[in-house]
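Student: I should like to learn how to read a model of this kind, feature by feature. May we begin with the sheets?

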Amino acid sequence: METETEYRYSVEKATIQFGTDAIKRSFEKKKARSVKGKGNLDGRETKQVITEMRRYFNLVEIEGKGANRIFVCKGEREEVLDKKELQNYSNCGQGQMIYRTTLEELILMYLKYGNRKYLTTTTRKLAHEIGAITKEMYELSRLKGQEERSDYYKKITEIEAFTGVDYSLLFDVANRETERILNNIETILEDLRQNNIILYVTVTNGVIEGERGKPEEHEMLDPMLVAEIVVKQRHLREKHNVEFNDLRFRLNDERVKAYKKEEWEYLKTFGYTRIYNTKLIVLKACDKEIVNYFKKRKELKEVFMLEHREFAIDKAKNRNNDFFNKPAKVRNNKHLVASLGGRAKKEVFKETETEYDKVFGTDLLEYDFLTQIKFSKAYGECFGELLKLLQEYQAEAN
């Protein structure tokens with residue numbers, strides 16, 4: 001009897017081969033923060049990866065736990081299934097995205113009528129340009145380092161509307177909801193591509209430094225030139241013994257500095273100061289109904305903001321309920337608690353403990369604002385009020 005072929009993927013290999021760009025970025029961030037150097041996927045990301053795997057295999061199972069999980073795939077399909085045969089795109093795999101149609105129309109109207117300097121853009125910039133996120137949410141979600149965040153927080157709280165806004169809640173709202181919208185947009189763009197509504201491909205741009213104070217220019221590179229540059233970059237990484245993660249997270253490393261210097265000198269021979277990957281998005285469909293979308297743009301933007309806010313508040317209320325009822329995934333980290341100015345519990349937490357249980361025996365309620373409002377069952381309300389402020393403040397300025 002012939003044995004069925006079995007394909008086994010670690011979490012990292014599954015992410016690389018079947019994950020979206022957003023999932024890959026999330027995985028790399030977790031990997032960089034991990035003490036053991038292992039990335040992981042949360043429940044939503046795991047579900048999306050499994051969905052993509054099921055396009056290629058009849059059966060997908062998971063063995064093990066956490067970052068050591070193995071995705072076991074069996075029954076390789078003769079033909080790759082369309083995503084619509086596996087999941088309802090009205091929900092976008094994001095837990096019932098009720099505002100999908102609104103967001104989709106905003107994208108199509110922008111591609112047809114938007115004043116675009118470049119045909120390439122990032123998902124975050126696209127989200128801002130169609131009005132799905134405000135300038136404040138765009139800027140807040142881009143900040144990575146503690147120093148950058150602190151400087152921006154000081155700047156934004158000097159604005160009367162944001163006076164007294166808590167630091168941790170501000171970034172909680174901005175990062176959660178921006179990331180949710182970016183994932184939604186990526187799903188919609190991929191769906192539009194598959195249905196020949198848009199041209200949507202990854203390309204590489206080169207940045208040309210502006211002369212005499214003029215803005216820099218961005219130029220799409222020929223694929224053959226990109227291939228040549230990629231080979232050179234690989235050789236330079238081998239020469240200086242650095243990896244991709246080193247280039248992102250070890251900027252003060254002397255090896256990284258040496259690599260960056262030589263890479264910059266090489267790129268300058270082509271007239272560029274740097275290159276980066278981005279998305280080429282062009283409207284392909286010629287649909288007369290799109291004309292009507294333009295007339296509704298302002299109205300649609302307001303509808304989207306309201307629909308998104310209501311959905312986000314519901315999710316926040318669920319997180320507040322989880323605070324009391326759902327076993328927490330993270331064990332007590334006395335070093336982290338101490339670094340934040342608190343006193344950790346001496347005993348080891350059990351797997352059945354909730355976040356609420358973990359408050360007792362610590363002084364989290366004295367210094368952690370998110371814990372305070374969750375404990376008071378006010379997280380959903382506070383989350384919604386701040387999201388409304390972030391939306392309406394910039395909406396009035398537009």
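Student: Which residue is the bridge partner of Tyr9 in β3?

Tutor: The bridge partner of Tyr9 in β3 is Phe71. Please note that this is a predicted model, in which local features need pLDDT of at least 70 and side-chain atom pairs count only at pLDDT 80 or more, while totals for chains, interfaces and linings use all residues. Residues are numbered from 1 along each chain as its sequence is written, and side-chain values use heavy atoms, with hydrogens and water left out.

Student: What is the general idea behind the pairing of strands?

Tutor: Strands of a sheet pair through backbone hydrogen bonds, either parallel or antiparallel. Two strands are taken to pair if DSSP finds at least two bridges between them. Helices (H or I, at least four residues) and strands (E, at least two) are DSSP runs, numbered from the N terminus. Here β1 and β3 (residues 70–76) pair in the antiparallel sense over five bridges. Tyr7, for its part, has Cys73 in β3 as bridge partner.

Student: In what order do the strands of this sheet stand?

Tutor: The order is β1-β3-β2, an open sheet of three strands with antiparallel pairing. Its edge strands are β1 (6–10) and β2 (57–63), each of which pairs on one side only. Neighbouring strands of this sheet are turned by 25 degrees against each other on average, direction ignored. Six bridges join β2 to β3, and Leu59 stands opposite Lys74 in β3. The hairpin of β2 and β3 has six residues between the strands, and Gly64 there takes a positive phi near 85 degrees.

Student: Which helix lies across β1, β2 and β3?

Tutor: Helix α1 (residues 11–18) lies across them, running at about 100 degrees to β1. For such angles, axes are lines fitted to C-alpha atoms, for helices over the stretch in contact, and the angles run from 0 to 180 degrees between N-to-C directions.

Student: What is the order of the strands in the sheet of four?

Tutor: That open sheet has the order β4-β7-β5-β6, with antiparallel pairing. β4 (120–121) and β6 (217–220) stand at the edges, each with a single partner strand, so one side of each is left without a neighbour in the sheet. β4 pairs with β7 over two bridges, and the bridge partner of Thr121 in β7 is Lys279. Helix α8 (residues 167–194) lies across β5 and β7, running at about 120 degrees to β5.

Student: How far apart are the end C-alpha atoms of helix α9?

Tutor: The expected span of a helix is 1.5 Å times one less than its number of residues. The 18 residues of α9 (residues 223–240) should span 26 Å, and its end C-alpha atoms are 26 Å apart, which agrees.

Student: Which residues of α9 are buried?

Tutor: They are Leu225, Val226, Ile229, Gln233, Leu236, Arg237 and His240. These cover an arc of only 110 degrees around the axis, which puts them on the same side of α9; the arc is that of the directions from the helix axis to the C-beta atoms. What covers them includes β5 (198–208), α10 (244–249), α11 (254–268) and β7 (274–283). The face turned away from the buried side carries the exposed residues Pro223, Met224, Glu238 and Lys239.

Student: What follows α9?

Tutor: Asn241 follows α9, and its phi is positive, near 55 degrees.

Student: Where is Arg309 placed, and is it buried or exposed?

Tutor: Arg309 is in helix α13 (residues 297–325). With a relative accessible area of 12%, Arg309 is buried. Among the residues that Arg309 touches, leaving aside those up to four places away in sequence, are Gly384, Leu387 and Glu392.

Methods. Buried < 20%, exposed > 50% of the residue type's maximum accessible area, 1.4 Å probe, protein only. Contact = heavy atoms within 4.5 Å.
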